[in-house]
Amino acid sequence: MMNELITIIVPAYNVEKYIRQCIDSLVFQSLSNHKVILVNDGSTDNTPSICEEYAAKYPSLIQYISQENRGLGAARNVGIAHVNTPYLTFLDSDDFQDIHFVEIVTGYIEKLDVTPDIVFTMPSIYDQATGRVVEWYDKADATSLFKYDEEAFAPRFVSVLENPWVYSLEPNANRRILSTEFVKRINFSFPEGVKWEDIEPHFYSLHMANNLGALFTTGFYYRINSGSQITAGTGVTRMDMLSVLDAVISRATLDNWPDIEGAFIVRLAIKYLNWCIDVINNDYRDAFMTGTRALIQKVPKSYFAAYFNTCSPHKRTEKLMLKIIKSPFYKMYGDYRFRERLTHIINRLRK
Amino acid sequence: MDELAFYLNQHIEIDEAVLVIDNFANSSIANNIVIQSSIKHLYVVCDCDEQPPKSDLPTFHKDVVMWYNSAQELPEKLNNCKTILFNLERHPEAILDYLQYRPERLLGVIQEGALSSFYIWEKFRQFSSYIQIRTNCNDKEPKVLTWTGSKTDIELSVILPMYNVAEYLECCIQSLVKWKANYVEFIFVNDGSPDNSRDIVLKWAEHDNRIKLIDKENGGCASARQAGIEQSKGKYIGFVDPDDFIDPNMFLELLRAALIGNYEIAYCGYNEYYNDTGNFVRAYDNLGWPYDKGCLDPRWTQKLIYTCRVAIWREIFKRTLIENNNIHFYTDLKRFDDLPFKVETFASARTVIAVNKYMYYYRLARPGQDVSADDERLFVHFDIFKHLNVSVASKKDQRLIDCLQLCKFATHVYALQRIKPNLAKSYITQAKEDLESTGPFFRTYRLIKQELGKAKARKYVALMLGNFVYIKRHV
């Protein structure tokens, strides 16, 4: 019978610069109530030898798995298959964990009578360019969603049925703790061979969950502007966004998700598509616009209707955006100067 | 979680520290530090006028946090403790009293005011290997000075390429060495100069060990600057032309602006000094919003490619910016080699800060300068843009390509306005081709009209029609 509470799965690919700090933060936790699974995803630098070194030094804590390069999603799935603690979470190998994480999580969970399916933590962002530590992207939204009151120990469980705004939280997999039983019950897994692999599980797991908890006194440190991030890519990696969103929409339509949940899929899709269009480079822009057009045409009209009725932040701009993308002039939307003129005109009309 | 907690969280080997505060209202900081890190002993020194009785102090961690009213109460602990933390809003100068304890690590928070974190850093860098100071500001985001190093590190290298500048060298060196910092080096690159420039440098080097001389065969300004970069050790790199001179505070101000907030490029303004008349003319430039408060958005940094004059000697560049992006001077260019360097650095930089002062003096109207060229020498622009087409346009970032297009247009108009009439036709033909390579006609027209105005847009049309007379007439 395993006594440890939580397993932290760390997929690693060519991170010799940061992996020591990452594993150290897991080894030197203030409370030792956890397991670590390091998954080497076919690294070509010193990452595998560093991982083996730690696994040999802390055999009861760290399990080391090596595979040929199959991508982040596959690495995490392999880690999930080897978990035998009641909870699991993930950590990217270029980030690192708060040293009180396991202690605080243990203190939280042992006082609950109902097992949460997912627990949201609150990471911090370390900007390597400026040296500043800033708040996580959705801190304000998350705090109001869970009405988290640190003084009283009364975690307020939420579910998407009660408040679909939970879908608007960041899809990041590393800031969630998942119940292993829940993961196995719903066949939770990451899509393999694509980037943006946490978007689809975000929607699926939230749709299927009954109890969502929040623990905002701890969270990992997310490193940005180090020069090695996936989210900084401007080329072919952006094209994966189209297939990922397509998969989400397909599942929702096939399984008959209610329109209000579809509305939040549209909300995320529009936000992320705009983001990709904004940064994608000249080589892939036209292909991305064509793909966006095809994607938009697949979304049920009822989802759009629900979206514009409930959670659209800029109704006018977005309706116009969709009209343009559905028109034969959709490629113009890819030009940043066109988009700037559009916002300018709309702001003038507002007055 | 703030930067201080972040560092302590990473460094679990730190189990004791001294915390200096000047205000009991901030006493919760002590408890936050203990909760967020693995510190087992925190000695808090709060030296202020109103002292509440010890029993009123928060006692969440009774054995971990110990309170003192002044530094005299714990001399042995201070001498042994390697980490000093501070949160001083009212009296930041109080931290200077702790110099005598020579901490290895210094981390703290101050309020923006007369004493800057740079000043504190300068004093402590002789003892410490890690300094992190956050400055809270009233009107903008806080900035963090983060520094790892040792007292022998060179923070700034200034590179001076020399060729036939002996007449003006004394004036230049005098203005440079007035700033007495021991963490800069001045690298004079003798590009096979036939005059006695190197003797002047060696004479100064006898009294000032920051002055270094490199001799090389004549290869042009670009090769001299590149040689200087390769031999330099500073974390920041600056350039000065040895026939100019500076306000002695220039590099101090630029380095301070760059370090507080970790900016990749820091720049200021320059004045023109007319050697024949002795007149000073300020060269007004883009030193205001959003750059003077510090710009973190690469899209705004890129705009400086066409909204700011080309003048690399009033800028300092972080060494990692140049190395990580493989930026070098193109040694095949005989002149104006600073233009591609400026474009490439601003194209790659994310963070930049402007110091709104005019601190460099650019000597003009002296015989033999390239800047007064009006003949075939101007054709070097096409070689420059051939290089930039590869390095910048290959990034496939449309915003960046548009910035390059605007820069090209401005450069060609400048050249056409001064070129000798018999060469204008040939120049304008090449200019047309060059502009066509980075953007189609209508897009470029709208771009120029929006960013530079209708008058310039008309010049663009004239240029594309081959009408150099129009461009020369309407300056």
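**Close-up views of a predicted model**

**View 1. W313(B) is a buried residue.** W313(B) has a relative accessibility of 4%, so it counts as buried (under 20% relative accessible area; exposed is over 50%, partly exposed in between, with a 1.4 Å probe and protein chains only). This is a predicted model, where local features need pLDDT of at least 70 and side-chain atom pairs pLDDT 80 or more, while totals for chains, interfaces and linings use all residues. Residues are numbered from 1 along each chain as its sequence is written, chains are lettered from A and ligands numbered from 1 in the order written, and side-chain values use heavy atoms, without hydrogens and water.

**View 2. W313(B) pairs with Y362(B).** Over all chains, the count comes to 50 aromatic pairs (rings of Phe, Tyr and Trp, the last by its six-membered ring, with centres within 6.5 Å; stacked under 30 degrees, edge-to-face over 60, the rest tilted). W313(B) and Y362(B) make a tilted pair. Their centres are 4.7 Å apart, and 40 degrees separate the planes. W313(B) sits in the loop between α9 (298-307) and β15 (315-318) of chain B, and Y362(B) in strand β16 (residues 352-364) of chain B, so the pair ties together parts 49 residues apart in sequence (helices, H or I of at least four residues, and strands, E of at least two, are DSSP runs numbered from the N terminus). Y362(B) is buried, with a relative accessible area of 14%.

**View 3. F441(B) and Y445(B) form a stacked pair.** The ring centres of F441(B) and Y445(B) are 6.4 Å apart. The angle between their planes is 20 degrees. Both residues lie in helix α15 (residues 441-452) of chain B. They are four residues apart, about one turn of the helix. F441(B) is partly exposed, at 31% relative accessible area. Y445(B) is partly exposed too, at 26%.

**View 4. Five aromatic residues of chain A form one cluster.** W165(A), Y167(A) and F203(A) belong to this aromatic cluster. W257(A) and F264(A) complete it.

**View 5. Helix α1 of chain B is largely enclosed.** This helix covers residues 3-10. Seven of its eight residues are buried, so the rest of the structure largely encloses it. Which residues of α1(B) are buried? They are E3(B), L4(B), A5(B), F6(B), Y7(B), L8(B) and N9(B).

**View 6. K323(A) is an exposed residue.** K323(A) is found in helix α12 of chain A. The relative accessible area of K323(A) is 61%.
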